[in-house]
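Dear colleague,

Here is the structure I promised to pass on to you.

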Amino acid sequence: MLKTSLTGSALITNDVGLHARPSVKLTQLAKRFGAHIEFALDAAGPWVDAKSPVKVMRFKAAKGETLHFRAYGPDAAVALAAILALVERGFAVDGEASPQPPNG
Amino acid sequence: MANVGVVIVSHSPKVAEGAADMVRQMVGDSVPLAWTGGNPDGGLGTDVAAIVTAIDRAWSEAGVVILVDLGGAETNSEMAIDLLEPARRGKVLVCEAPVVEGAVMAATEASGGAALDAVRRTAEELSPTGAA
């Protein structure tokens with residue numbers, strides 16, 4: 001996987017970080033792609049499966065931390081771009097005015 | 001194929017409705033969802049007929065998972081499944097998972113088009129005996 005995977009990273013900018021609602025959004029977006037997608041707080045891992053709702057929910061990452069992603073598969077490039085964009089816009093999905101309410 | 005449906009069964013209608021609200025707000029409306037709670041007299045409890053109705057409302061050809069809170073909710077859910085016609089009975093599974101977190105996790109998995117067994121496995125990852 002390491003040989004062929006694409007990598008990228010994005011800074012968490014929303015106040016609550018990778019909290020409950022952002023976790024669900026990340027998982028749902030990852031599941032739209034065929035590529036294997038993993039992420040970590042460090043470029044060296046440990047890596048977490050972005051398509052596992054429970055593993056993503058257990059993952060803690062705060063505002064100001066950087067999420068590293070790696071993806072491989074036929075649509076890895078488009079998947080990676082979409083996920084980095086989600087993190088960069090504070091996990092807001094289309095049609096949402098603000099990322100999350102304070103307790104999100 | 002439609003997404004797997006989710007049914008929430010609690011002794012308290014407020015808990016069941018609140019858990020359903022969380023699923024709707026966090027996961028969206030791509031997953032069939034229904035909730036039921038309380039006994040026919042308006043007290044705490046669960047009701048087999050009401051669970052059957054909830055299964056009907058959340059029905060999907062891909063199947064339905066049920067999240068339950070305490071003892072009677074599980075036994076009454078099993079009884080409700082037994083009342084379904086044979087063709088549907090095998091497509092309804094009760095998850096051994098915490099009701100609120102399990103419902104959100106199951107719905108998240110289901111929203112990606114996962115199969116019935118995978119949806120249950122994801123919910124059950126949350127239980128103490130589930131896979132980490």
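Predicted model: local features only at pLDDT ≥ 70, side-chain atom pairs only at ≥ 80, totals over all residues.

Residues are numbered from 1 along each chain as its sequence is written, and chains are lettered from A and ligands numbered from 1 in the order in which they are written.

In chain A, four strands form an open sheet in the order E1-E4-E2-E3, with antiparallel pairing; strands (E, at least two residues) and helices (H or I, at least four) are DSSP runs numbered from the N terminus, and two strands pair if DSSP finds at least two bridges between them. Strand E1 (6–11) and strand E3 (48–49) of chain A are the edges, each pairing on one side only. Strand E2 (residues 36–40) and strand E4 (residues 66–72) of chain A are joined by five bridges, and His36(A) stands opposite Tyr72(A).

Ile83(A) lies in helix H3 (residues 76–88) of chain A. This residue is buried because 24 other C-beta atoms lie within 10 Å, where 20 or more counts as buried, 12 or fewer as exposed, and anything in between as partly exposed, with C-beta atoms placed from the backbone. Leaving aside neighbours within four places in sequence, Ile83(A) is in contact (C-beta atoms within 7 Å) with Leu26(A), Leu29(A), Ala30(A), Ile37(A) and Phe69(A).

Where the chains meet, nine residues of chain A and 10 residues of chain B take part. On the chain A side, helix H1 (20–31) supplies the largest share, six residues.

Finally, the axes of helix H5 (residues 99–111) and helix H6 (residues 116–124) of chain B come within 8 Å and cross at roughly 145°, the axes being lines fitted to C-alpha atoms over the stretch in contact, with angles running from 0 to 180 degrees between N-to-C directions. Ala106(B) is one of the residues that H5(B) brings to this contact, and Val119(B), Thr122(B) and Ala123(B) are among those from H6(B).

Best regards

Notes:
Contact = placed C-beta atoms within 7 Å.
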